[in-house]
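Here is a quick walk through one protein model, written for someone who would rather look than read tables. Keep the viewer open and follow along.

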Amino acid sequence: MRTVRYGIAGLKDPRDLEGSIAAVVEAGYAACEVQFVKEFTLKEAEAERLGAIASGAGIRLSVHAPYFAALTTPEHERQTLHLGALHHSCHLAALMGATVVVCHPGTVTGDPAKVHDIVRAALDNLGPRIADFGVPLGLETPGRKSQFGSLGDIALIVAEHPFTTPVVDFAHIHAVSGGQMSTVEAFRALFAYIAQEFAPLHLWPLHCHFTDNRFGPAGELTHVPYGEGTIRASDLAAGGAGVDFALTVISEERWETSHKAIKADLEAGGAALAQPGRWPCPAAGKDSYAAPFLPCPVPLERSMASTGPVHTFREGGREVRLTNLDKALFGEGSLTKGDLIAWYYNVAPMLLPFLSDRPVVMQRVPDGIFGEAFYEKQAPKGAPEWLRTVPVPADGGRRMIDFVVPDSVATLVWLAQIASVECHAWTSRWPNLDGPDYAVIDLDPFEPITFEDVRAVGRLVHTVLTRLGLAGFPKTSGGAGLQIFVPLRPGHTYGEVREFCTGIGRLITAAYPEKATLEPSIPRRKGHVFIDANQNAKGKTLVAPYSVRPYPGAPVSMPLRWEELDEDFLPEQFTIPTACERIEAVGDLFAATRMHRQDLHPALAQLRG
């Protein structure tokens, strides 16, 4: 695993927020889970203040919802109460900038299939109500055999409700399995199963709980001081050494000595522990590649070949051979291939969740951006055996193209090694390539025009989406334009999505004809922002958030807040050397897209009317 962000459950004193966070920092922990398991101990203003204190100290917060707030409750009145508690937990979590709200799914009573249906119905009810909070709901693995939420159950639920995410309680799994999590091999097998069942968006990071416990035939009986039971954090660290994701591990022990012992055991097992207030980076050896403007060096191994030095990148059981790290790609004396590799290594935790299951088209510049460039759909000969590809019919089904699907850090590193500068991704995911999960409104300026005009058109898009009751997420294209992504629920065709985006464009061009256009003739777009709906088609691709573009200065496609469209900025200010500072300040603004799964059909009906 890349890193472990280790923390503890519970504030030392909810009445002393500054002191509670100071105690976390002083102990060297990097995370804290706010416990609402018995009651809501913070009001809205206090939650917001806690978030500001924790953010200033570099402490990552999460929230544990009340124990009683189960999803399996069949009675309508009780379920309303439970969902209300989860809603309030998510509201407080959003105010404090927490990354996840953990809940216990509930008890299995009767037919398991009916229990699944109850949980699905509860989440269908809850999902739209918590979408705007932007905090995923974590489903915790249970500690008793009578409880709902095995990893298999959670995988099914998460696949249908992307605003949910798994929370792995290692002690619970240890108890339910009768003590099987007592070896490195057991943890290695568990992580392999998790990597198989869950997409990158749930694994960067995977939220986890850890404690020592005592258990019986029915499952967990009680927590015990660390060392008195049979589960060890060092086994967790060693078992996860080869996995291609990151962990947040929250100690639920009641004793400070146990918190410290678990932390020491994680380090003894080889875990790279994140530090408070710092970008989480694994240990780097003497041969690592470090770019001064990026927080994490790329861990490499160096060897000599007849052609010169060769570096090897290894992660998650995959290996990439790297050459010519000092080759300038963005002009003479500019950023190098090594810098490009380091960029994608650093932003992998944010980029991989978006690229999950999406075919990409490569734009390669082997001689740099001023040399010959070419697009490539087919995975090239000589690609690593571990590279994930998916077959897509082409030419009316007469041939197949094996598209690359980036699913690992190693894949991103390999793409940069072959000088594929940018990630152009489909707006649908394998295997449902006919069903887009985003509608994208692409604002493409044609000179003479200013970026101020582009921002003005973007603000109009926001106004229209808001009036239609839809959430959109803007980002720079990495060039001169803006792109607004509207996340969708399953059940839309590309034709419907294209019609929707064209309808938005008609409203905007009617209101602002002097600067906005839908004109199909390129010469007649001069001096206007072209509202392009045509990229919403099967096989068309759009640049991914955080992707580099092959232009001078190495600009990056950067997610924005809507209110930033009122500010005076230029898209070229977001580059490989500058972008990480912004990400550290504002976080991953595109992560919230997975909370929204919207139905365009009501909006389409209004646009047609």
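Cysteine 296 is buried, as its relative accessible area is 1%; buried means under 20% relative accessible area, exposed over 50% and partly exposed in between, with a 1.4 Å probe and protein chains only. Before going on, note that this is a predicted model, where local features need pLDDT of at least 70, side-chain atom pairs count only at pLDDT 80 or more, and totals for chains, interfaces and linings use all residues. Residues are numbered from 1 along each chain as its sequence is written, and side-chain values use heavy atoms, with hydrogens and water left out.

Which cysteine does cysteine 296 pair with in a disulfide? The partner is cysteine 281, at an S to S distance of 1.9 Å; a disulfide here is a pair of cysteine sulfur atoms within 2.5 Å. The link is left-handed, with -80° about the S-S bond. Both cysteine 281 and cysteine 296 sit in the loop between α9 (256–268) and β11 (301–305), so the bond ties together parts that are 15 residues apart in sequence. Helices (H or I, at least four residues) and strands (E, at least two) are DSSP runs, numbered from the N terminus. By the sulfur rule, the count comes to one disulfide.

Cysteine 32 is in no disulfide, and its nearest cysteine sulfur, on cysteine 208, is 16 Å away. Cysteine 32 counts as buried, at 0% relative accessibility. Cysteine 501 is buried too, at 1%.

Leaving out residues up to four places away in sequence, threonine 164 touches several residues, including Leu123, His202 and Arg594; contact means heavy atoms within 4.5 Å. Histidine 202 is 38 residues from threonine 164 along the chain, yet their C-alpha atoms are separated by 8.7 Å. With the same exclusion, the residues that threonine 476 touches include Gly481, Met558, Phe569 and Phe574.

## Helix α7

Now look at helix α7, which runs over residues 184–197. From its first C-alpha to its last, α7 reaches 20 Å, close to the 20 Å expected at 1.5 Å a residue, where the expected span is 1.5 Å times one less than the number of residues. Which residues of α7 are buried? They are Val184, Ala186, Phe187, Leu190, Phe191 and Ile194. These cover an arc of only 160° around the axis, which puts them on the same side of α7; the arc is that of the directions from the helix axis to the C-beta atoms. The face turned away from that side carries the exposed Glu185 and Gln196. Among the elements covering the buried residues of α7 are α5 (151–160), β6 (164–169) and β10 (247–251).

## The whole chain

Stepping back, the protein has 15 helices and 26 strands. Buried residues make up 59% of its 609 residues.
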